[in-house]
Amino acid sequence: MNANKIYPWYFSSGAIVLYLLFIVAPALLGIYYSFTDWNSYSSEKNFIGLEHFRTILAGDPTYLLFIKNTVLFTLVTSIAKTVLGLFLALLLVSGVKAANLHRMIIFSPQVLSFLIVGLVFKSLLDPNNGFVNVTLRSMGLDVLAQNWLGSLTWAMPSIMAVDTWKGMGYIMVLFIAGLLAIPRDYYEAASIDGAGFGQKLFRITIPMLMPTITIATVLNITYGLRVFDAVYVLTNGGPGNATDVINTAVYSSFAKGYWGLGSALSTILFVIMAVISFFIIRLMNRKVEY
Amino acid sequence: MMRKRFLFSLASVLLLSTLLLAGCNSGKSTEGSGKVTLTFGTSQSGIPRTGIMQTMAKEYEQETGVKIDFQVVPDAQWRDLIKVKLASGEAPDIFNVDVDPLSMPANVRPEENAIDLTNEEFTGRMSEEILPTVSHNDKVYGVSFAPTKIWYVYYNKRIFQELGIEPPTSYAEFKAISQKIKDKDIIPFYQAPASGWYQVLPLFETGPNYEQTTAGTYEKLNNNEMKVADMTQLKTVIEQLKEFADLGYFGKDFLSNTVEAGIEAFGQEKAAMLLRVPGTEKEVSEAYPEMEDNMGFFVMPWGDNQTIGVNPGGSAAMFGNKNSKHPEEVLKFFRWITEHDHLQRVFDEGEGNLTICWPEIEPKLTQDYIDYEKNHEKGTVMQAAVKYIDPQWMDIGKDLSGMFAGAMTPDQILQNIDKRRAEQAKVLKDEKWQ
């Protein structure tokens, strides 16, 4: 092997070792454990084949509910964050006053831990003394006051709303960067041709923003599928299992000591994310022509 | 030559990584000065809430130089977290676990994880009732202060007197007085589903009632000769809880209520009844002096129950981590905290329990309790006598919250209990389920 071929390996060997040790090995071990009956009550690990996967995908409707909730959460929050992020970005690059201050305020929830956000919103959404219901009642809108996190109807939308509020600032920043990169010449030429706001938006802005939209979509979808903290802090999956998602079920399985089952759930999530990522990466690799 | 250099570099990187990892793990429970620090992991309700243990630990540090670092985790998380910590070798030097004779061996796996305390002088001084809950295969592993636990419904005497109502002796009476209280815009019964476990108590604390009505129920359940779903009386209790929720006897929007807020609601007379353990009077009247001598109690009347449910263990016990770097220091702390004077302090300055599982400490039960116990039959609660109930306590709590919200039926709750019992029996290779 000549020096030119060896050097790349030589310089990257440290990173490769750490990558194999901390990323690849645990992932492979997790997949292996999903085929075993490993649990906290015994030191034995017996190979049981696809039994956990059969339980999750065919035997138990509860797990299907968790998968459905995860997909629903991902879809709704991804669309909401993208639409609101784009809207706010358009607003802030359009010459609104104190744009930098607004940008900072809207982005700030992103840097907070969901533990803090969750505790604050639990207090705000408290059905009896929470700010939201107290305000609604003081305005005579008692009929709109709800048990936001305790009712079957409102718990999941409330979590989605809080998560969207927290995450839209980051997507907005991505869009601002994308918008600022679009040459002004296009808009000037379009204005001369008599194009209105809608035409500029759909003929110039959105096509030119497609790479940013793709990145935002990938980020939103991968975050949505991995959601745990938002659900755990706000409702802990309740009422009943109404807001449980795959990762709260993984947590619950591990916590109960059913580690093989928890690993199988993680493996299913891994497969779903791998498939979606594959298609999105293919989409990203397509050339965008202007 | 180049290949040798490459392999040498690779080996160096591996060695460096290993040293780095080893470095991260060292000094876990000691400080730079060589002073020993013992970590003490516990749930919120597993440690006396008044903080007496923490106060005494500071004095212990001044006396011996050994620091106790408390890691207090919310109840709903600790029960699960400690299992993972034990399995991963990350458990604290001392850890609290809720114990009962049926689930402790599976939850703690004492032979692998706990220091054997059998030959310690203090184990001989613990009460006979508590020893089975902290023992396994004739060896003692845990130290507990927990009293034999009984849950009563505490009521506000003044409200009852003003409304001309008496403590109920049946579900029908319970419902009738609750309606009268509700009509006065007072929450009849404080319920706390947000804490995850509180709403489960009526189901299994009334266990002796099932056993009395249908003798042999516990044994049949343990032998897998009947299902929980076959217990019609249990279904009745669940239906009655749902009825209470629907009739507004738990208050409006009660799903967000926590156990901790119960004392406030009861003390401020927003709620007329509250499920608690003996000693509640002290806790309430300390925070709300006007409530002194204003509290009475009765057994929970769901399912027409009139029997006192007794849980012989029922609460937390301390275990020493067998894999601790400081087992001798752990034992020394256990010996210190169980000295007679220190036990007396834990009892006197603790959370207000009227008994403690150390016969040498004089109980503080009032004549009211003594008379009440004389006039009522007693029996062991279901979670302390039937396998695979206690480990799924929080899951049942979630299901009940789901039922209150309208997502589940009582039948589904019972079926889920059976399903989870079968899951755990399978994991533990219980021959009765094979």
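User: What makes a contact in this structure?
Analyst: Contact means heavy atoms within 4.5 Å. By that rule A:Gly257 touches A:Trp38, A:Asn39 and A:Ser40, with residues up to four places away in sequence not counted. This is a predicted model, in which local features need pLDDT of at least 70 and side-chain atom pairs count only at pLDDT 80 or more, while totals for chains, interfaces and linings use all residues. Residues are numbered from 1 along each chain as its sequence is written, chains are lettered from A, and side-chain values use heavy atoms, leaving out hydrogens and water.

User: How far apart are A:Gly257 and A:Trp38 in sequence and in space?
Analyst: They lie 219 residues apart in sequence and 8.5 Å apart in space, C-alpha to C-alpha.

User: What makes A:Lys256 and B:Asp395 a salt bridge?
Analyst: A salt bridge is a side-chain nitrogen of Lys or Arg within 4 Å of a carboxyl oxygen of Asp or Glu. The closest N and O atoms of A:Lys256 and B:Asp395 are 3.6 Å apart, and the pair forms a salt bridge. Across the interface of chain A and chain B the rule finds three salt bridges.

User: How many residues does each chain bring to the contact?
Analyst: Chain A brings 42 residues and chain B brings 36 residues.
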